[in-house]
Amino acid sequence: MFHLLPHHYTALVVGASGGIGAAIIKQLLSSAQVGQIITVSRQTLSIDDPRITQLTLDVSQEHGRQALKQALAAQPIHLFFNAIGTLHDEAHHLQPEKRLDQLSVDNLTQVMNVNAFTPILLLAALQDSFKGSHPAIIASLSARVGSITDNQLGGWYSYRASKAANNMLLKTAAIELKRLNKQSVVLCLHPGTTDTALSKPFQARGAERKAILAYLCRRAVAGRHRRSNPGG
Ligand SMILES: NC(=O)c1ccc[n+]([C@@H]2O[C@H](COP(=O)([O-])OP(=O)(O)OC[C@H]3O[C@@H](n4cnc5c(N)ncnc54)[C@H](OP(=O)(O)O)[C@@H]3O)[C@@H](O)[C@H]2O)c1
């Protein structure tokens, strides 16, 4: 997809301090095609490269989004990558819910704000940078658990709902942005379980689930095999 972008293109990465955000920046820096990388995070990053412009802002808040809009001053952005997201936050006693009685307005609001409202409100605030006739790839990290049909296990109410909402909000924006820039492409990307601070507390459980599923699949295949070969 990067072949669609011009030589010396401008990338904007929000959530640059996160595991996936940092990996994306590393990848972008390895390409000579990239002209400028604007990184946005709540913390100052220690990356030293002349192509990096660092902005320390909290774009989950309106004042942060407006400050970013002012800093960009409608300059064309060719790649926008949203790597912001939350699943748990010990400081705010936020944990993914296992049961209905663990739901709270505060947790639902916090997770929806970070995972669903922040990416779409960023698109709204920065639309002058996406309008026009330049190639513009707009990507936001989603999650497999945001799939409604794939929800077999339940739990994680607010995270699942926020990722489903992120998908719908971006799908809707894709339709409008096509009218504002024919060369725009909007993507919701599901990275799969990736070793970062966000997934750390749940990786062992994920591996255990995968092992159980693999065991059940092996048993089902063996059962089918025995039924079709009664003598075997
Ligand atoms: N890791 C996985 O296995 C996995 C799987 C599926 C989907 N994803 C999605 O991928 C994206 C990136 O996740 P990651 O694994 O890289 O997680 P991560 O390392 O925890 O990074 C999360 C990023 O989001 C920012 N963030 C969190 N809460 C925020 C808030 N209240 N306001 C502003 N920024 C906030 C963090 O900024 P600070 O550093 O300032 O806190 C950080 O830059 C998320 O949307 C996540 O849902 C990840």
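Analyst: S140 sits in strand β5; helices and strands here are DSSP runs numbered from the N terminus (helices are H or I with at least four residues, strands are E with at least two). The model is predicted, so local features need pLDDT of at least 70 and side-chain atom pairs count only at pLDDT 80 or more, while totals for chains, interfaces and linings use all residues. Residues are numbered from 1 along each chain as its sequence is written, and side-chain values use heavy atoms, with hydrogens and water left out.

With a relative accessibility of 1%, S140 counts as buried. That term means under 20% relative accessible area; exposed means over 50% and partly exposed lies in between, using a 1.4 Å probe and protein chains only. The side chain of S140 also has a polar partner, the side chain of N166, at 3.4 Å. A polar contact is a pair of N or O atoms within 3.5 Å; within protein, one must be able to donate a hydrogen and the other to accept it, and residues adjacent in sequence count only if both atoms are side-chain atoms.

The rest of the strand is covered as well. β5 spans residues 136-141, and six of its six residues are buried. In a regular strand the side chains alternate between the two faces of the sheet. In β5, one side carries A136, I138 and S140, the other carries I137, A139 and L141, and all of these are buried.

β5 has a paired strand in β4 (residues 79-82), which runs parallel to it and is joined to it by four bridges; strands pair if DSSP finds at least two bridges between them. Within that pairing, F81 has A139 of β5 as its bridge partner. β5 also pairs with β6 (residues 184-189), again in the parallel sense, over six bridges. A139 takes part here too, with L187 of β6 as its bridge partner. From β5 the chain passes through helix α5 (residues 157-180) to β6, a β-α-β crossover that is right-handed. Right-handed means that, with the strands pointing away from the viewer, the path from the first strand over the helix to the second runs clockwise.

Now the aromatic rings. Three aromatic pairs turn up in a search of the whole structure. Rings of Phe, Tyr and Trp (its six-membered ring) pair if their centres lie within 6.5 Å; planes under 30 degrees apart count as stacked, over 60 as edge-to-face and the rest as tilted. F80 and F130 make an edge-to-face pair, 5.8 Å centre to centre with 65° between the planes. This pair links distant parts of the chain, since F80 is in strand β4 and F130 is in helix α4 (residues 127-130), 50 residues apart. Both F80 and F130 are buried. Another edge-to-face pair is W156 with F202, at 5.0 Å centre to centre and 70° between the planes. W156 lies in the loop between β5 and α5, and F202 in the loop between β6 and α6 (203-228), so this pair ties together parts 46 residues apart in sequence. F202 is buried, at a relative accessible area of 12%. Ring pairs join W156, Y159 and F202 into a cluster.

Y159 leads on to the ligand. The ligand has 26 residues around it, and S17, R42, Q43, Y159 and T196 come nearest; a residue is near if one of its heavy atoms lies within 4 Å. Helices α1 (19-29), α3 (105-125) and α5 each supply at least two residues of this shell. An N or O atom in the side chain of S17 is 2.6 Å from an oxygen atom of the ligand. For I20, a polar backbone atom lies 2.8 Å from an oxygen atom of the ligand. In T196, a polar side-chain atom is 2.5 Å from an oxygen atom of the ligand. On its own the ligand has 890 Å² of accessible area, and the protein covers 88% of this; areas come from the Shrake-Rupley method with a 1.4 Å probe, and for residues only the protein chains shown count as cover.

As for the whole chain, six helices and six strands are present, in the sequence order β-α-β-β-α-β-α-α-β-α-β-α. Of its 232 residues, 38% count as buried.
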